[in-house]
Amino acid sequence: MTVTTLRDDTLDHLKYRLGKDARHATTQDWRIALSHAVRDRVVECWFASTRSAYDHKEKRVYYLSMEFLIGRLLEDAMVNLGILEEARAAIDSFGLDFAGIVAAEPDAALGNGGLGRLAACFMESLSTLGCPAMGYGIRYEHGLFRQSFQDGRQMEYPEDWLRLANPWEFPRPEAGFEIGFGGHVHVQGRRGIWRPAEAVRAEAHDTPVIGWQGRWANTLRLWEAEPVRIFDLDSFNQGLYARAAEPEAFARTISRVLYPDDTTPEGKALRLRQEYFFTAASIRDILRRYESEYDDLRGLPNKVAIQLNDTHPAIAGPELVRILLDEKGLSFDDSVETARGCLNYTNHTLLPEALERWPEELMRSLLPRHVQLIEEIDAAHARQYPSRTISALDHGEVKMGELSFIMANRVNGVSALHTELMKSTVFKDLHALHPEKIVNETNGVTPRRWMLNCNPRLSALITEAIGPDWVYETERLVELEPFIEDAGFRERYAAIKRENKVDLAYWMAKEHGLEADPDAMFDIQIKRIHEYKRQHLNILETIALWQEMRDNPNAGWTPRVKIFGGKAAPGYVFAKEIIHLINAVAERVNADPDTSNFLRVAYPPNYNVSLAERLIPAADLSEQISTAGKEASGTGNMKLALNGAPTVGTLDGANVEIREQVGDENFFLFGMTAEEVVARREIEGHAGRAVAEDPRLQRALKALRDETFSPGQPGLFSGVADNVSGADYFLVASDFTDYWRVQREIDGVFTDRDAWTRMAALNTARCGWFSSDRTIRGYMADIWGAAVATPLRQVAAE
């Protein structure tokens, strides 16, 4: 690939695809033209990979996920193809701002948090490793929402990422399926004939996902809902214009928004429609592909592995059984056995309320045949295990976690602690019946996106020290350890961290008017807002720290910039109040002339992948402070540690394994263990006792109840204070004292910058294990029975 070739191809796309000449092209025109020029290189590999998978009849992996938080794709593709510098030179030759063009790409609004980012990392690692795979999800028109703040409160607006053409996707109108809802079922023996009352069409849009060095590419197929009948012309001609557009409006509603508010019956129905829509289309597509190559559907598990990313696609079990039984003529037992041989389920939560449950009445109204089959599947399981004490149908609810478990060949947790807790809590009874089903596959992150792309300065230093192979073999980062003992290396490492902080400080000042000293500690908590993640513990400690600083302004405080990022679900009132409180504290603290040199609070809105790529390289401290036993894994903790931010955290999720990898001395531990959390909850009035024993916490809570952060509105934040001092299910009060202790320990360590740099660098060196490449190798071996594609195996052998 030469600079001239890429330059000429970009100009051709600008002229012939966009109809623009170079003199009149906008930044977005150049971005789209360059994207097409880069995509051309991706397509060559993509086609070759697809042909190879067919030619060698490889087993394929199908990853079904409600979210794929893929972020921007242009830079990712250029880096993985190895043409970043050629592209930069090509754009520079036009006298254009390459960084500005790359940054003009909108984030794909296809996810919210760790679930979707994990799916995106997995897709990239599947391609990097050369495992034939396809991801399936929904092509959301407006995503979750675009977050802004008004008077400190979260405001939600639709994302408009598809306002301009998406250069990365290929519409596949020929790969479409009609998806039905409602209606009635006519049963003939064990088979049923389902006649839906309404239907939409699932239209496919394919995005190629290129792996490292462009050796293999897989497909992300996203479904868009379209009307079966495009337009009601008769109604239109009668002047009934709204009625004429109803079919289109109904269909598009399904693929408009991720996680619509389900606090209303209509919202619940829409969510269930979404989940069935994309799952049913995906299952049909999988079967279509299989039947184009093979005749015996009983052999499906030998060539197909389906991974359900959480319970959202749990209806895949009944849907696959329905097609095999009702449409393909297999017996009920063969249908269930075949489906179970293909299906695997990843659990992401230990919160019983987060395991989806659908009202049986709602599901029966939308998916009547599926409820019948769930009843039969559950009854068959009960006959096989008469001693069981748990059911997929219970008290008028369909329990999707239990259904996923019963229909899965393997069920995996996402961290060692989470997997063991699954066995003893949410799936205790089912684990006793199926002790072989649950396996662990600790999450990971792709080092290409989360080190090489987002932290080029540090990546260059690492490559200079140990060579470039760490990008693909991330565990080789341990080879940095001898270099870390060199003072000169540590000085360069620290200088890179400071440069990253200068960049972030400049951006925050320019975009949000917040002045931040790069020499202060950048203390970062970035994740979706939820009570169990305990952003309110963080802000309460911030309040207490501010109050102490006001009392003793000359006490030699370690300067801190507390940075938050994350969205709250639109219907999650308490989480939104936490956001409001953080912003109110920021307004008061940042304006305080007595403390502003020591403490600042920032909350940049609309946290997404691109913002994470800006924040993570600049982080000094990673806040992973969830209530022990509640976080399944976390992946933000891995990204931050990999980029040299030591963790302050509880023994929760993957924190446990991070601490094991980096060493106890390079991790700031606080709080109760999962066992202690359970015991603490049994103590009546535990929160009140904790508050009574800590004057700092008392004082911070008092500030929430008076006008300190709500001038003229006393008690505005009393709901947060009442929660912490009252029920406090997530034990903020009980962990506050130890959290304060560890934060002051952190202050002391940070004052010795060389010691801190050594700790940060050791986090980088010892966190290579948390690569999604390692995780995917585990899935391939332990769950899917999948192999690296034949051409890549041959290359490796040579």
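Which residue stands opposite Asn344 in E15? Arg410 of E15 stands opposite Asn344. This is a predicted model, where local features need pLDDT of at least 70, side-chain atom pairs count only at pLDDT 80 or more, and totals for chains, interfaces and linings use all residues. Residues are numbered from 1 along each chain as its sequence is written, and side-chain values use heavy atoms, with hydrogens and water left out.

**Strands**

Strand E15 pairs with E11 and with E16. Two strands pair if DSSP finds at least two bridges between them. Strands (E, at least two residues) and helices (H or I, at least four) are DSSP runs, numbered from the N terminus.

| Strand pair | Residues | Sense | Bridges |
|---|---|---|---|
| E11 and E15 | 343-346 and 410-413 | parallel | 3 |
| E15 and E16 | 410-413 and 438-440 | parallel | 3 |

Helix H14 spans residues 368-384, and helix H15 spans residues 400-407. They pack at an angle of about 60°, with axes 11 Å apart. Axes are lines fitted to C-alpha atoms, for helices over the stretch in contact, and angles run from 0 to 180 degrees between N-to-C directions. The crossing is left-handed: the near helix is turned anticlockwise from the far one by less than a right angle. H14 brings Ile374, Ile377, Asp378 and His381 to the contact (heavy atoms within 4.5 Å). H15 brings Leu403, Ile406 and Met407.

**Nonpolar cores**

A nonpolar core is a set of buried Ala, Val, Leu, Ile, Met, Phe, Trp, Tyr and Cys residues joined through side-chain atoms within 4.5 Å. Buried means under 20% relative accessible area, with a 1.4 Å probe and protein chains only. The largest core has 202 residues. Among those with the most contacts inside it are Ile179, Phe277 and Trp784. Helix H9 (residues 265-291) gives the most to this core, with 12 residues. Ile179 is in contact with residues including Val200, Tyr276 and Phe277, leaving aside neighbours within four places in sequence. A second, separate core has 55 residues, including Phe574 and Phe668.

**Asn500**

Is Asn500 buried or exposed? Asn500 counts as buried because its relative accessible area is 8%. This residue lies in helix H21 (residues 487-512). Asn500 touches Asn455, Arg457, Pro617 and Ala618, not counting residues up to four places away in sequence. Met759 is 259 residues from Asn500 along the chain, and their C-alpha atoms are separated by 18 Å.

Methods
Buried < 20%, exposed > 50% of the residue type's maximum accessible area, 1.4 Å probe, protein only.
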